[in-house]
Amino acid sequence: MKYKRSLLKLSGEALMGNNEFGLHSTRLQQYAEEVKKVVEMGAQVAIVIGGGNIFRGFSRIKENTIDRIGGDYMGMLATVINGIAFQSYLKNVGICTSIQTAIRMDQIAEPFVKDKAIHYLEKGRVVIFVAGLGNPYFTTDTAAVLRAIEIKADVLLKGTRVDGIYTKDPEKDKYAKRFKKISFDMAYQMGIKVMDQTAFILGNENNLPIIIFDINRKENFKKVISGEEIGTLVSNEK
């Protein structure tokens, strides 16, 4: 096993499968089983989930009716819904979990406490971080990188529907080539959109490697943890 402690970032869109919004039961079950395989290896797993699958349900609201700050808080609450849902699926496959939230809601989840999160991980629990950072203007990508740094994760893994970073959009250009490795500096220069720039900057400054990989392929999560060259590694190495 190459990565003893990892933070897995899942987008809200990943949880909705082929639906227009909401949650897709089959997808949640699949991800829960993939996490279980990794935990059974003895790896420590923390998770940050986005909220785009829930927030998309508000797309019909007239533009500018809700300001950016209100919209961001709605997105944070959406991540809580997703976290509770995923916790249930993890429990159903026999994985002990804890939810920690950046916005206090004591009946639902514990407040985020770094040392407690690390303690849970060391005891074999999966820790799900929800509500982003509790502040508007920060994405869940940035929250994932910051939480990974705080819990001293060996790597941040962003599970997406594509298998890495390409020279061009692989869905539009069949000749696009996938990078196995790329530096943070190159990611800036290319304007990579798979994660926001603030997340990349935090990762770069704190020497946190980030791997972009296809979470929908079975065994991929396990393979990445084991050290196989799945997806694209973004790091300080030139």
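Analyst: The account below begins with the sheet, moves to the helix, and ends with the charged pairs.

This is a predicted model, in which local features need pLDDT of at least 70 and side-chain atom pairs count only at pLDDT 80 or more, while totals for chains, interfaces and linings use all residues. Residues are numbered from 1 along each chain as its sequence is written, and side-chain values use heavy atoms, with hydrogens and water left out.

The sheet is open and has nine strands in the order S4-S3-S5-S2-S1-S6-S8-S9-S7, with mixed pairing; strands are DSSP runs of E with at least two residues, helices are runs of H or I with at least four, and both are numbered from the N terminus, while two strands pair if DSSP finds at least two bridges between them. Strand S4 (110-111) and strand S7 (181-183) stand at the edges, and because each has a single partner strand, one side of each is left without a neighbour in the sheet. Strand S3 (residues 97-101) runs parallel to strand S5 (residues 126-130), to which five bridges join it, and Ile99 stands opposite Ile128 in S5.

Helix H4 packs on this sheet, touching S1, strand S2 (44-49), S3 and S5, and its direction makes about 165° with that of S5; axes are lines fitted to C-alpha atoms, for helices over the stretch in contact, and angles run from 0 to 180 degrees between N-to-C directions. Gln87 lies in H4 (residues 68-92) and, at 15% relative accessibility, counts as buried (under 20% relative accessible area, with exposed over 50% and partly exposed in between, using a 1.4 Å probe and protein chains only). Apart from neighbours within four places in sequence, Gln87 is in contact (heavy atoms within 4.5 Å) with Thr97, Ser98, Ile99 and Ile128.

As for charged pairs, the whole structure holds 14 salt bridges, each being a side-chain nitrogen of Lys or Arg within 4 Å of a carboxyl oxygen of Asp or Glu. One of them joins Lys9 to Asp141, with the closest N and O atoms 2.8 Å apart; this pair links distant parts of the chain, Lys9 being in strand S1 (residues 5-10) and Asp141 in helix H6 (residues 140-150), 132 residues apart. Elsewhere, Glu110 and Lys116 form a salt bridge at 3.7 Å, N to O, where Glu110 is partly exposed at 24% and Lys116 is partly exposed at 39%.
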